[in-house]
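Have a look at the sequence and the structure, then read on.

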Amino acid sequence: MTAYDTQALDELRRWQHEMQRAPGLWNRATSGVQRKINSYIPEKVHASVTAVIKQMTRAVLEGSNFTASAPLLEGSLEDRETRVRTTVDRYRKTAAVEGGITGAGGFLLGLADFPLLLSIKLKMLFEIAALYGFSGEDYRERLYLLHVFQLAFSSDAHRADVYQKMQHWHERTATLPGSIDDFDWRRFQQEYRDYIDLAKLAQLLPVIGAPVGVIVNNNLLKKLGITAMNAYRMRWFERPALIDASQP
């Protein structure tokens, strides 16, 4: 194991501890505020956002609208993560520009940011998966990708549950359902929508919408990038164990 691998493994272990942390007082208080704010949002806005998330989620699982890059078959972890960081930085800039434009356009254009930002996030995850050597054409890998997404944008309580499902993914793939209808996309969209509401609602406000859109979108992509790197590090460091287990 190289010095870089050792450092990455240490970072992974700290991240894993964070993923299993019990919900704190601040998290519970924030969730209450979110529910209160949600009660003031027109139902047609909720319905619109929910419909978009549902459609995008099904598109990922069905393999439509998202073209998967060819998996990178050779390269050290350090080489791969150098490319991953470059990819994340590129998508962060794209998301920031998109957030600034839609934020400056008022309420209706601000609403358009939801599907645009969701698409940017998912495309970034497909590229990251490929850089770690996993094929986005595989339904099981697409499902893992959505678990990564949930891990980044969920409440503390739900995050811990998702994390448990992602451990030893190579063992879970043997029992994964073959139908997209078995994926709990309702919980997925609810957690995602609730997570981003507090930050994204300010983007719909006059005057401050544009700067808020730039900052929030940039930070959301940064968070997703960090989550994805560690989620795929879990898979990476499971590989030696798989190789050893296959030896006579």
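How far does helix H6 reach from its first C-alpha to its last?

## Helix H6

Helix H6 covers residues 139-152, 14 residues in total, and reaches 20 Å from its first C-alpha to its last. That's close to the 20 Å expected at 1.5 Å a residue, where the expected span is 1.5 Å times one less than the number of residues. Helices here are DSSP runs (H or I, at least four residues), strands are E runs of at least two, and both are numbered from the N terminus.

H6 is largely enclosed by the rest of the structure, because 13 of its 14 residues are buried. Buried means under 20% relative accessible area, exposed means over 50%, and partly exposed lies in between (1.4 Å probe, protein chains only). At the start of H6, a side-chain oxygen of Asp138 comes to within 2.8 Å of the backbone nitrogen of Arg140.

## What to keep in mind

This is a predicted model: local features need pLDDT of at least 70 and side-chain atom pairs count only at pLDDT 80 or more, while totals for chains, interfaces and linings use all residues. Residues are numbered from 1 along each chain as its sequence is written, and side-chain values use heavy atoms, with hydrogens and water left out.

## The whole chain

The chain has 10 helices and 0 strands. Of its 248 residues, 48% are buried. Take the contacts (heavy atoms within 4.5 Å) between residues at least 6 apart in sequence: 83% of them join residues at least 24 apart.

## Two buried residues

Asn230 sits in helix H10 (residues 209-246) and is buried, with a relative accessible area of 6%. Leaving aside residues up to four places away in sequence, Asn230 touches Glu11, Leu12 and Trp15.

Leu122 belongs to helix H5 (residues 106-131) and is buried too, at 1% relative accessibility. Its C-alpha is 9.8 Å from that of Leu224, 102 residues away along the chain.

The chain averages a pLDDT of 75, and 64% of the residues score at least 70; pLDDT is the predictor's confidence in each residue, from 0 to 100. Among the elements, helix H1 (residues 3-19) has the highest mean pLDDT (95) and helix H2 (residues 25-40) the lowest (57).

Over residues 202-210 pLDDT stays under 50, and the model has 22 contacts for them beyond four places in sequence. Residues 242-248 are also below 50, with 1 contact beyond near neighbours in sequence.

Note on methods: A polar contact is a pair of N or O atoms within 3.5 Å; within protein, one must be able to donate a hydrogen and the other to accept it, and residues adjacent in sequence count only if both atoms are side-chain atoms.
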